[in-house]
Amino acid sequence: MENHPHLVHIYRQLSTTNTMPDNLFTTPTRRFHLTRRGKILQTTTERYLRDDLGYGTLLLPSKKPNATIAGDVTELVPITIDTVDMLCRVTNGGGTLVVVDTNVLLHHMDVLEYIRERDGDNHHEGGDDDEEAIHSIAAAVVIPQTALEECRNRSLVMYRRVTDLIRSSSTGGKRKRSFIVFADLHHVDTQHCGADDEESKKEEEEVRKINDENDARIRKVAYYYGKALYNYQRGRTYNSHSDEDNRNIEVVFLSDDAQSRQLAIQEQPQQHNNNKKGLYYTPRSMREHVTLLQKQDPTLNLLDMVAQFHIPPAAQRIEYYPPHIDSAALSLGLKTNRYHQGVFRSDRDSYSSGYVTVRRGQERVAVLIRGGRNVNRAVDGDIVAIELFAVEEWLASADGQQSPPPQQQQQQSAKATKEEHAGIAPETAEPTLKDMDNINEELPDETGTLRRPTAKVVGIIRRNFHKNYCGSLVSVDHATTSDDAHPHDIIAAKHECEHADGITSTVVFFSIDSRIPPILLRTTQRERLLGMRILVSMDSWPSDSEWPLGHYVKTLGMVGTKDTETEVLLQEFRIPCEPFPAKVLACLPPPDYKIELEPGRVDLRHLPILSIDPPGCKDIDDALHCIELDNGNWQVGVHIADVTHYVEAGSAIDLEAANRSTSTYLVNKRLDMLPSLLTTDLCSLKGNVDRFAFSVLWEVTPEADIVDVEFKKSIIHSIAALTYQQAQSLIDKPEKQCQNDIQAGAVKRLASLARKFRSRRIKAGALTLASPEVKFVLDSESLNPTDVQAYTLYEANAVVEEFMLLANVTVAKKILRHYPTLSILRRHPAPNRSMFDSLIQKAKTRGISICIDDSKKLADSLDAAGKSLASDPYLDQLLRILSTRCMSPAQYFCSGEYQAKDWHHYGLAAPVYTHFTSPIRRYADVCVHRLLAAAIGVAPLPVFLSSKSYLHDLAANMNRRHRAAQLAGRASVQLHTLIFFSGEDDGGEGGGIKEEDAYVLDVETAENTEPSFTVMVPRYGIEGRVRLSHLATEDPCLVRDPVNFRLSYKDEKSGKVLASVAVFDKVRVKIWVKSSRDHRELVVDLIEPVRLAKPDVVSASKSKTKKQKTKK
Amino acid sequence: MTSLRRTDILSLIHLRSDGRRPNEIRHMSCHLGALPPTTDCGSALPTSGCSGSALVSMGLTQVLCVVRGPCDVGRRSEELPDRATLEVTMRTTPFSPPGDRRVTNPSTDRRLIEQSHLLQTALSASILLHLFPKSKISVAVMVLADDGGRLEASINAATLALMDAGIPLKDMVCACSAGRWNAGGSDEIVVDLNRREIQAATGSAGGGGGAPGGGGTSDTIYLPVATMPQRGTVVLAQCESRLSGGAEAFGEVLEVAMKGCQMVMEIMAAAVRERGAGLWKAKEGKADVILVD
């Protein structure tokens, strides 16, 4: 603690007078809270006023780097701007100083964040010092504390962005604008003595009063700055009498609240002197301000980023949606149970329908919202208030879907086209909220029949507008708006227009995410944005606008190029992809770091340890060994890279890894959780180098009974890094040839143990599941896919997997014994019967019964099915794939949060399970390493790992990131599949069109729908809907059999079945890419059975095969 | 992970929620002789037998302390042959702790008992008890308002009341707290915590010491400290949080708290001098007043 003269000043005064100077101490503010029990509590807080806050505070990096555990980090130090002189220096002596209102922080962050990058093309010749070129919104931005706190209360997301901006603006290279935080609540001169005497009783008046008061405070800040600068500048001109330094700083009060701006003008005393406007500061709306800037410098493209709140007045005003109920009526309605509150979740493929989960006593019910008018401008993720429809209007149970009301048909058709996208088959079921939280979907009405409740949205409690959406504009050719145009074109054509100001025009943006409605943008650069992937943010959705209004944020790149689309999917799934910050890299060991034996570690370098991985694997995190002991037993070791040795708990690198939580594997790219020095070098257990490891050592009998287990931090020396194929060849080597081969002996022993462990596991009920994964063969230079291969699974894969499972289970038990409530475990919930229902029914058509009572019965019934379906081995695998898809994925959790019976891992039939074996690419494993290290007493448990709330957040984050990484990986495969099938280098005509065998997964048997069915193509792992669009929906020859999931086509006269397609049938399909201007999609068409297929497709394929035959 | 950080103790520009800087204590005022001294020991009034009193407010925490004695020990069994018995009681008023619904009974309430013990330990380090064998000095503390740090305020008030009563002390016992948050890698050490900050540190509504093990985000320390600043002796330091940073981190916090005590001492000394000057003036310059310095 250094001197703080200000403080002493107060107390010197105190000691003489024994009273605080009035202006340094305010009376306490009292607030009243209603407790849950209905008592009224008064809380009193004090607020000190200071006279040493000057003109706000800047955050600047301190001169001396602060040496902390996390390495050298330049800490930000708040610097107070004491004098107007200094303030002028901060703004570089000219330009504008902007005081922002809360609504600017909430809605215009993109504008505030904007700095023009230095690119040669659209830059002035003058270079950096050119005053005419405008780089950002203002020279200095003053953020009053009132606005900051209001922003924090309203939206934490925005608050974080503001604070990040304030921090980063001072560090990033050449500063072009400064952010000044002004603590107006504690500043003597801006102390607001609001109208405390008026006591308004009504709640809404109270709220308005608080808002008004905050606005008044912010205006006072603007006034304070304006007055100070005005007086200063006037004083300067009087003294100097020269015009050389005549650049005045203009103070602008930015607010989108027209009323506040009006008051700003009224409140200011009029100046009657030579000042141009006679005002200390100018109030402006964001749009006005940016338009002014844009006029000064037409190359600035800031106007696109300004949020929109009103659509430009049209000739006739159409109310597309019923108005939202205001907040007072809403809270009353919620209290009286007239309305219900919940988060609106769009259906996966449509923005005009979705559901809201509502609590009803103990149970929770998912309420359906169907149709654009009922959804009433709610967007996925909004917290909404809904009003239930009368019971008569509820939907009859699942089957009887009503035909949509006519007004929705356009949207429905938009939805329909989206559904048909063929794509990569999912591995597991969506981890639905319904499944996890046990939400009912149906309620009985008076007669006892189950109905699905429906409702409409009456108001929006909190918007989820803080996300950026990825997508592109649709280019409209006004001339060719024909009837069969894509629905996007119709919407775009309807809404595109030029604006009266001559520079902006409205364009329509379509997100990739089909849960998001089209967004209307107002832009100055329409031509430049066409055909680009852009990021867009939503601003508002007034009732007289058919679609929400938004603003442009960023351009990602050309549509369809692989790099852009990869970036798009990273954005879409929020995968952290920025390079590691310097703070994190500072935690890495120095370049001359050497791995040497250190105290506390066991030296295992003499053991013949080897690793088995896929070819080309860089991040090897596990290695194995198996030797014979003197007593005839075998010692088996699993050695895991000791990541926690390099990643200290609580350091910057640890926090970064915790945030990333997992490495993400895309087809052409790997996004690491840890910097590559650790990932591919220091932690990777490569062959023939010393590495630190965390070892689990078992003593087992050759009959695979475990005698003893030990956990050790060790140093190892791997003798070989094998691929699965190499390992397999060692397993297959005849016994005689490997008498003296250490590697072969070890691998053989491991394999024999693994077989025994495996059979024991299967006996206990572990499931053998399958996934439709495939692998791309990429071109070495362009990284374009040249071929698709199925994964080859060797026995060696199973050996490694078996020992990893064993290590995970062993470690899970160990940490659970020591930390029964703090262990990070992994659970796999038992599947929900309703999810399996349709599969069970489908299987029945083939005479297969599936029992899902527990994993053992499921495994047995799947095995039995496999035997009965021996004619086609793939059907067995298909069944397993489909059952996997009926289960929700496994999840990380903290053992203290669930009861012991819920720790069960269904798929592995293990009572406890965790992840221990891949700390390089999963953060859960890092935590488990720390827990295990603490359990065996080699290192203390980091404090935050003993906080249950922290563990909860950690597990939630890991689950979210894990899911996102999976989805991103699949999207990447999807992207490459598209590239593969649209490839031109295939030789045959029509690019990469392929014909393949496929299996029918599901058949649409509902009446009055377009006949269609879903197929899976095993060769490419893709799934797609085959539409028989050439058949009329009411075709009398078409027979739908919902019991047997069968579509058959009868002869018109004889009634003989000519062709039929039923579930699990093998059909032949053609896969090709249909590309339009803006997007490409994968299409699957039927070839066989011929009578159901489209005639033109069949003829085309016939001609093709003929040609090929003639060629041969 | 930023999402794990719940409460900001210091704002972006290093101001606390009430506008103080990390190293500033709350506004403190002391009033010696708040109650008139009486010689009558028999009446049932709370002020009966009052030989010295002090009213201390630290921020919004306000504490009244009354000292009685040295006087007869009521019960023989409590009598000590070589020194005086020090009896300390702490009470709260029904309106004092915001949020506490009930009047806590000083003889059963755990926190009050604990704190009165702490108060007794702290004071007996300074009072020259051996000068008054077989007698009793009783210190009664009434917490009038509680905005965090009532133990510290009570210690300060008790010291002043003892001085007002003219009981010989080795040194003034001054108390102040310090706290530390290890948030996002940057250390935040603040002095003289108010209720809100204590809640953030201990995770409890603590009217003083928080419930041990009662949640609380890890890596936080709330440390009330009492010292005899002129001797540099720590007479009380109570920490219920788990120490992660080891002795070094604890030492830093203790040092800050001791500096806080020094500031408290300056204010208290000033108040004592003022009181002395007042008394002196009352005596019209006939007697010399000895000031503690």
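## Packing in a predicted two-chain model

Helix H20 (residues 724-732) and helix H21 (residues 742-764) of chain A pack with their axes 8 Å apart and at an angle of about 85°, where axes are lines fitted to C-alpha atoms, for helices over the stretch in contact, and angles run from 0 to 180 degrees between N-to-C directions. H20(A) is therefore roughly perpendicular to H21(A), a label given to angles of 65 to 115 degrees, while angles under 35 count as roughly parallel, over 145 as roughly antiparallel and the rest as oblique. On the side of H20(A) the contact is made by A:Ala727, A:Leu730 and A:Ile731, and on the side of H21(A) by A:Gln743, A:Ala744, A:Val747, A:Lys748 and A:Ala751; two residues are in contact if their C-beta atoms, placed from the backbone, lie within 7 Å.

This is a predicted model, in which local features need pLDDT of at least 70 and side-chain atom pairs count only at pLDDT 80 or more, whereas totals for chains, interfaces and linings use all residues. Residues are numbered from 1 along each chain as its sequence is written, and chains are lettered from A and ligands numbered from 1 in the order in which they are written.

### The two chains

The table sets out the content of each chain, with helices (H or I, at least four residues) and strands (E, at least two) taken as DSSP runs numbered from the N terminus. A residue is buried if 20 or more other C-beta atoms lie within 10 Å of its own, exposed if 12 or fewer, and partly exposed in between, with C-beta atoms placed from the backbone.

In chain A, 69% of the contacts with a separation of 6 or more join residues 24 or more positions apart. For chain B, 69% of the contacts between residues at least 6 apart in sequence join residues at least 24 apart.

### Nonpolar cores

A nonpolar core is a set of buried Ala, Val, Leu, Ile, Met, Phe, Trp, Tyr and Cys residues joined through C-beta atoms within 7 Å. The largest has 263 residues, and those with the most contacts inside it are A:Val99, A:Val142, A:Ile143, A:Tyr225 and A:Val1015. Helix H27 (residues 948-981) of chain A supplies the largest share of this core, 14 residues. Apart from it lies another core, of 76 residues, which includes B:Val56, B:Val143, B:Ala178 and B:Val191. Beyond its neighbours within four places in sequence, A:Val99 is in contact with A:Val142, A:Pro144, A:Ile218, A:Val221, A:Ala222, A:Tyr225, A:Val251, A:Phe253 and A:Leu254.

### Local features of chain A

The buried residues of helix H9 (residues 286-296) of chain A are A:Met286, A:His289, A:Val290 and A:Gln294. Seen down the axis of H9(A), they fall within an arc of 135°, so they line one face of the helix; the arc is that of the directions from the helix axis to the C-beta atoms. These buried residues pack against helix H3 (102-107), helix H4 (109-113), strand S10 (250-254) and strand S11 (282-284) of chain A, whereas the face of H9(A) turned away from the buried side carries the exposed residues A:Lys295 and A:Gln296.

Strand S29 (residues 622-628) of chain A is mostly covered, with 5 of its 7 residues buried. S29(A) runs antiparallel to strand S30 (residues 634-641) of chain A, and 7 bridges join them, where two strands pair if DSSP finds at least two bridges between them. A:Cys626 has A:Val636 in S30(A) as its bridge partner. The two strands form a hairpin with 5 residues between them, and A:Gly632 in the turn has a positive phi of about 90°.

A:Tyr913 is found in the loop between strand S38 (891-894) and helix H26 (923-935) of chain A, and this residue is buried, with 23 other C-beta atoms within 10 Å. A:Tyr913 lies 107 residues from A:Leu806 in sequence, and their C-alpha atoms are 9.5 Å apart in space.

### The sheet of chain B

Chain B holds an open sheet of 5 strands in the order S1-S2-S3-S5-S4, with mixed pairing. Strand S1 (28-32) and strand S4 (85-92) of chain B stand at the edges, each with a single partner strand, so one side of each is left without a neighbour in the sheet. Strand S3 (residues 61-72) and strand S5 (residues 135-145) of chain B pair in the antiparallel sense over 9 bridges, and B:Ser138 in S5(B) is the bridge partner of B:Arg68. Helix H1 (residues 110-124) of chain B packs on the sheet, touching S4 and S5 of chain B, and its direction makes about 140° with that of S4(B).
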